[in-house]
Amino acid sequence: MQQLLTTALTGLTLGMVYAAFALALVLIWRSTRIINFAQAPMAMVTTYVALVLIDAGLSYWIAFAAALLAGLVLGAAVERIVIRPVEGATHINAVILTLGLFIVLNAAAAVVFGSQYRSFPAPFGLRGFQVGEVNVALTGFGIFTIVSVLVVMGLLVALFRLTDLGLKMRASAFNGEVARLLGVRVSGMLTLGWALAALVGSLSGLLIAGGSLVHPAYMDSVVVFGFVAAVLGGLDSPVGAVIGGLLLGVSLSVVSGYVGSELVALSALLILMLVLLLKPGGLFSHAAERRV
Amino acid sequence: MTKLWSNTLLRHVLLALVGLAVVILVLESTSAFRNAQLTTMAYLAIAAGGLTVLTGLNGQLSLGHGAFMAIGAYTAALFYQGAEPALPVVGVLAVAILVAILVGAVVGVAAARLHGPYIAGATLALAIAVPGIALFFDGRLGGEQGLNVRVPDAPGWFADLLYFVTAHDVTTSKYIAYIGWLALIPTFVLLANLSRSRVGRTWRAVRDDEVAAEIAGIHLGRARVLAFVVSAACAGLAGAVMAMAVRITAPSGFTLVLSLTLLTAVVLGGLGSLSGALIGATLLTFLPQFVTGLGADLGLSDLQAAELAPLVYGLTMILVILLAPAGIVGSARGWQRRRRERPAKAAASAA
């Protein structure tokens with residue numbers, strides 16, 4: 001009972017982080033049809049930005065905001081400098097570019113920040129609370145994780161549903177040519193989309209790092225989990241990504257708690273395989289699958 | 001002679017024989033350290049050759065070839081635990097290839113049903129997942145420390161043959177280098193023939209236009225899975241050679257960086273070109289030493305300098321895609337073609 005509760009709560013918190021990361025992947029996929037594998041090292045770099053600021057004596061919250069801002073800038077810069085030139089070319093080139101960026105950022109971070117493990121502080125407690133005999137493994141930081149991801153998601157939904165800007169972004173993603181004819185600056189919208197995605201990615205990086213150790217490769221497995229979560233949700237739907245993230249978080253937490261943490265990545269692979277074989281459009285797909 | 005040259009199989013076999021002669025010459029005239037480096041180059045080239053067929057000819061991006069190398073390496077390492085190996089080297093390599101083929105078929109079937117990003121993501125997951133298996137079954141697979149590989153001595157007939165040809169004695173590192181290159185040459189001949197054959201044309205057709213390929217009667221899934229399996233087999237072979245060369249098989253040898261590095265080799269040389277894969281593997285083998293030395297000269301610590309090599313790989317990968325998407329070999333071919341066409345065009349406009 002105790003272990004089941006702990007597993008479920010840990011899974012829920014982790015799932016929220018995976019959901020945020022999957023959301024970042026989906027945002028970019030919807031607008032540019034690229035899976036940005038460099039999302040993981042980008043989030044890693046912004047987390048290091050926060051760590052440097054914290055080590056310099058600034059408060060956690062300033063560092064937190066600075067990291068998110070750095071994510072925004074980094075995302076826009078990557079889109080403008082690296083991705084823009086191959087827009088419209090074969091998609092394989094764009095993916096190779098994101099992988100090149102993956103290697104570059106990982107190596108550059110190791111050169112600049114060092115490749116040793118460094119601890120990252122958390123603004124809230126890392127211990128659960130007691131209810132009678134049972135220890136509830138919902139930590140202060142866990143609650144913060146869940147709340148902050150929910151807030152960011154709420155803001156994104158508001159942006160896309162309620163504002164003019166969101167409508168323009170949706171129009172550019174839906175059909176760039178028509179949107180351009182209607183007077184939307186599509187290229188600017190794409191840049192904004194990448195920037196927002198990188199911001200959400202940075203948030204997940206900060207949340208994973210909180211209260212644990214950071215090193216240049218610490219996000220590498222998260223990109224896999226985020227991708228699996230996004231595929232679970234259908235790769236095209238933000239809501240699906242969130243649900244996929246939560247499902248994946250809980251299942252992986254069960255594997256980690258009852259079988260062994262070494263097999264977490266393997267189970268993610270198996271889940272991905274099962275989804276691709278049984279329901280390739282994601283768990284909630286109802287659109288027609290493409291034949292070729 | 002030109003007629004001989006136009007026969008694909010004959011041409012490839014002739015090239016292979018020339019290659020074999022060059023390999024013997026180079027291996028016999030270089031030091032043990034260089035021999036070891038050349039072994040590294042051989043196994044990287046085998047894996048890169050398989051990957052270039054998959055990515056260049058069939059348009060599937062695999063980020064998990066390091067995992068297939070790990071599968072081949074662990075298979076080979078399990079054979080070389082005791083004093084007396086149960087199988088001769090060829091048998092061990094064959095079993096490693098077979099295991100990689102089986103896993104490759106499963107992954108390939110799952111991913112081939114879908115499009116680009118799915119296969120990239122699935123193979124990425126594979127690259128992250130496979131080292132975990134070695135950690136989980138640490139009793140059998142040695143956990144974090146990995147498995148030590150007892151490399152067998154060169155068999156008597158091989159030592160005699162080598163002495164007969166070159167009048168040199170065979171050392172263990174030289175023996176491994178020969179294994180690597182004798183594995184590479186037939187692999188490349190097979191891959192070159194395959195890419196020129198009906199199968200290769202099928203793969204290209206699937207890459208270029210799926211709808212047209214299907215209308216022409218090509219079974220898309222079958223073509224994709226076959227390409228994936230061939231490519232995985234190469235990676236398995238490469239892994240088995242790597243196990244013998246490195247003499248230890250541990251999870252830390254098969255990180256995501258290895259998979260991405262192989263992709264660098266393929267992109268650098270030129271997608272779909274086997275000679276490009278060879279060039280890429282050469283750069284991967286010899287560049288790190290050079291760059292690390294450069295970093296040490298610039299006053300970086302050893303740990304930092306070691307990261308310069310991947311930094312350079314990544315940067316060149318980005319630059320190649322942005323500036324010369326055809327890679328080294330592809331760009332050279334394009335340049336050659338333009339040079340050939342220029343006089344022809346000039347003549348045409350003069351007339």
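Predicted model: local features only at pLDDT ≥ 70, side-chain atom pairs only at ≥ 80, totals over all residues.
Reader: Why are H3(B) and H9(B) called roughly parallel to each other?

Author: The axes of helix H3 (residues 32–58) of chain B and helix H9 (residues 172–196) of chain B cross at roughly 20 degrees and come within 8 Å. Angles under 35 degrees count as roughly parallel, and the two helices are therefore described in that way. The crossing of H3(B) and H9(B) is left-handed.

Reader: What makes chain A as compact as a globular protein of its length?

Author: The globule rule gives 19 Å for 292 residues, and the radius of gyration of chain A is 19 Å, so chain A is as compact as a globular protein of that length. Chain A has eleven helices and four strands, and 51% of its 292 residues count as buried.

Reader: How many residues does the contact take from chain A and from chain B?

Author: The contact takes 42 residues from chain A and 44 residues from chain B. On the side of chain A that touches chain B, H4(A) gives the most, with 17 residues.

Reader: Which classes make up the side of chain A that touches chain B?

Author: That side has 33 nonpolar, seven polar and two charged residues.

Conventions: Residues numbered from 1 in each chain as written. Chains lettered and ligands numbered in written order. Contact = placed C-beta atoms within 7 Å. Nonpolar A, V, L, I, M, F, W, Y, C, P; charged D, E, K, R; others polar. Axes fitted to C-alpha atoms, helices over the stretch in contact; angles between N-to-C directions. Parallel < 35°, antiparallel > 145°, perpendicular 65-115°, else oblique. Left-handed = near helix turned anticlockwise from the far one by under 90°. Rg over C-alpha atoms; globule rule 2.2 N^0.38 Å. Buried ≥ 20, exposed ≤ 12 C-beta atoms within 10 Å, placed from the backbone.
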